[in-house]
Amino acid sequence: MESIIKSFFIGLFIGILLQFYDDADVLFSYKVLTVLASGSVGFIIGLITEWLTSILPIRMANSRTYFFIHNFIALIVTTFILISSMMFTSSEMEGQVEFTPILLIALGIICIANLFDYMMYRRAQHKLKSFKALIKDK
């Protein structure tokens, strides 16, 4: 559940970042709706990614493998959803040239977020190991 909530906030962040990228002259309420829609898409991506990750076999329970596969699934699901949304709203998009930077920004942020999540996991494991050693010495 934590990963799904993180995905929602990553989606919000991507939506806010893309508002700075696109300098179209639209009402502020449309921009807020776009950011909320981006957060909702992030929530859906997180939900699908968590579901797909949960059905993986238990023999892949290595943390490094888990984070790699989780990131890979997130990238595939994100790409699929963004391409699908582009197809449904093709009247808004001028073409693939305009869509490609948006896709690259979203995928880059997802990779950085997953890498940061993995580093925080490793840091927590290291602190736990240090704490166990400290308790064992006393």
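This is a predicted model: local features need pLDDT of at least 70, side-chain atom pairs count only at pLDDT 80 or more; totals for chains, interfaces and linings use all residues.
**Exercise 1.** Classify the pair of phenylalanine 68 and phenylalanine 72, locate both residues in the chain, and assign the exposure of phenylalanine 68 and of phenylalanine 72.

*Solution.* Step 1: the distance from centre to centre is 6.4 Å, with 10 degrees between the planes. Step 2: planes under 30 degrees apart count as stacked, and the pair of phenylalanine 68 and phenylalanine 72 is stacked. Step 3: both residues belong to helix α3, where they are 4 residues apart, about one turn of the helix. Step 4: phenylalanine 68 has a relative accessibility of 58% and so counts as exposed. Step 5: phenylalanine 72 has a relative accessible area of 47% and so is partly exposed.

**Exercise 2.** Describe the largest pocket by its volume, its central residues, the helices that line it and the classes of its lining residues.

*Solution.* Step 1: the volume is about 1300 Å³. Step 2: the lining comprises 42 residues, of which Leu18, Thr34, Ser38, Leu82 and Ile102 are the closest to the centre of the pocket. Step 3: at least two lining residues come from each of α1 (2–21), α2 (28–54), α3 (63–88) and α4 (96–137). Step 4: by class, the lining holds 21 nonpolar, 15 polar and 6 charged residues.

**Exercise 3.** Describe the second largest pocket in terms of volume and lining, and identify the helix that gives the most to this lining.

*Solution.* Step 1: the volume is about 200 Å³. Step 2: the lining includes Glu2, Lys6, Tyr66, His70, Asp117 and Tyr121. Step 3: α1, α3 and α4 each contribute at least two residues to the lining of this second largest pocket. Step 4: the greatest share comes from α3, with 4 residues. Step 5: the lining of the second largest pocket divides into 3 nonpolar, 4 polar and 4 charged residues.

Terms used. Residues are numbered from 1 along each chain as its sequence is written. Side-chain values use heavy atoms; hydrogens and water are left out. On a 1 Å grid over the protein atoms alone, a cavity is a set of points where a 1.4 Å probe fits but cannot get out, and a pocket is an open set with protein on both sides within 12 Å along at least five of seven lines; lining residues have an atom within 4 Å of a point. Grid points are joined across faces, edges and corners, and a volume is the space filled by probe spheres set on the points. Ala, Val, Leu, Ile, Met, Phe, Trp, Tyr, Cys and Pro count as nonpolar, Asp, Glu, Lys and Arg as charged, and the others, Gly among them, as polar. Rings of Phe, Tyr and Trp (its six-membered ring) pair if their centres lie within 6.5 Å; planes under 30 degrees apart count as stacked, over 60 as edge-to-face and the rest as tilted. Buried means under 20% relative accessible area, exposed over 50%, partly exposed in between (1.4 Å probe, protein chains only).
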